[in-house]
Amino acid sequence: MNTVFQPNSKNVSDAAVSEVSFFEKHEFAIRRIHSLLGLVPLGAYMCVHLTTNASLLNGVATFQRAVFLIHSLGSVLPLVEWGFIFLPLLFHAILGVWIIYTGKTNSSQYRFTANKRYTWQRWTGMIAFVFLMVHVLHLHGWFHAEPWLALMQPLGLAGFKPYNAASTLIMQMDGFIWPTFYLLGVLATIYHLANGIWTAGITWGLWISPQAQERATKLCVAFGLVLTVLGTGAWWAAVSPSVEEAKEARVIEDEMYEANLKGGLVYENDEKRIPADKALGEPHDAASDDESEDSADAQAMLLP
């Protein structure tokens with residue numbers, strides 16, 4: 001007599017549960033955390049950042065004053081940047097990659113606007129992440145270690161100095177490639193945020209009915225258009241000035257630095273400004289600074 005093995009249904013269900021990944025097990029919460037981080041703090045910071053950069057349209061002094069205000073946080077600023085910008089961005093990006101990997105687009109079979117927006121949201125998310133990483137490298141260099149900056153700055157990277165904000169920003173945006181890259185990156189990021197607000201509303205159940213979704217679409221389109229005007233204004237303020245205007249901006253910035261330093265509104269930090277003996281656009285050489293300091297020390301020892 002042959003015996004047919006019948007698997008225990010409990011063992012089968014337990015094995016199936018054990019194969020479920022952590023992301024799949026907690027998908028409900030993870031997707032809500034992902035959408036929330038995209039709005040706060042990342043979306044809110046993006047609006048503040050574009051507004052700050054667009055203030056350059058009102059003049060060098062207005063922009064530099066705004067940058068001084070940000071850097072008046074001193075040693076707290078890195079904690080704010082990592083806690084409210086970099087870590088949330090990495091978390092949002094990693095979750096976004098997982099959503100793209102596990103999601104299934106059907107825009108090729110169903111050519112509805114919502115299906116296309118689903119695809120565009122994924123593509124602009126990837127473009128935005130690459131843009132932001134390159135943006136930070138281009139202006140700030142990712143890391144502030146002198147050996148690393150000594151490698152980056154001769155390549156035209158890590159050239160932004162907060163205490164010479166307008167002049168160094170203008171020089172970093174010189175040419176054709178960088179302005180084009182920034183314009184496309186800013187527009188992709190704006191779309192990702194504006195459309196992301198709409199999808200976040202679906203995720204959180206804020207607009208479920210077709211009528212509510214239609215109203216939300218109009219609201220998000222209006223928000224996206226306002227942010228596009230703000231973003232292109234910030235872009236134009238950085239790319240339109242000439243090298244001569246950048247040199248004039250440096251004079252204003254240095255005067256403002258000395259005044260604000262005496263007033264206690266900024267902290268003395270030579271790493272955040274162009275050295276007095278360096279021309280605008282010339283890479284900062286930490287080794288030469290060390291040599292000049294050693295030379296000054298040696299001369300001081302020889303003095304009576």
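Trainee: Which helices do the buried residues of α8 pack against?

Mentor: This is a predicted model. In it, the buried residues of α8 pack against α4 (60–71), α6 (113–139), α9 (177–203), α10 (210–239) and α11 (243–262). Helix α8 spans residues 165–172 and is mostly covered, with seven of its eight residues buried. Among them are Ala165, Ser167, Leu169 and Gln172.

Trainee: Where is Lys161, and what is the nearest side chain of opposite charge?

Mentor: Lys161 lies in the loop between α7 (146–152) and α8. The residue is buried but has no salt bridge, and the nearest side chain of opposite charge, Glu146, is 6.9 Å away. A salt bridge would require a nitrogen–oxygen distance within 4 Å. Beyond its neighbours within four places in sequence, Lys161 is in contact with Gln153, Thr168, Glu271, Lys272, Arg273 and Ile274. Of these, Thr168 is one of the buried residues of α8.

Trainee: How many disulfides does a search of the whole structure find?

Mentor: A disulfide is a covalent bond between the sulfur atoms of two cysteines. Here the search finds zero disulfides.

Trainee: Which residues form a nonpolar patch on the surface?

Mentor: Trp82, Leu87, Leu90 and Ile94 form the patch, with about 400 Å² of accessible area together. Ile94 is found in helix α5 (residues 77–102). Ile94 counts as exposed because its relative accessible area is 54%, and the cut-off for exposed is over 50%.

Conventions. Residues numbered from 1 in each chain as written. Predicted model: local features only at pLDDT ≥ 70, side-chain atom pairs only at ≥ 80, totals over all residues. Heavy atoms only, no water. Patch = residues over 30% accessible without salt bridge, like charges linked within 9 Å, V, L, I, M, F, W, Y side chains within 5 Å. Areas by Shrake-Rupley, 256 points an atom, 1.4 Å probe, with all protein chains shown as cover. Helix = DSSP H or I, 4+ residues; strand = E, 2+ residues; numbered from the N terminus. Buried < 20%, exposed > 50% of the residue type's maximum accessible area, 1.4 Å probe, protein only. Contact = heavy atoms within 4.5 Å. Disulfide = S-S within 2.5 Å. Lys, Arg positive; Asp, Glu negative; His and termini not counted.
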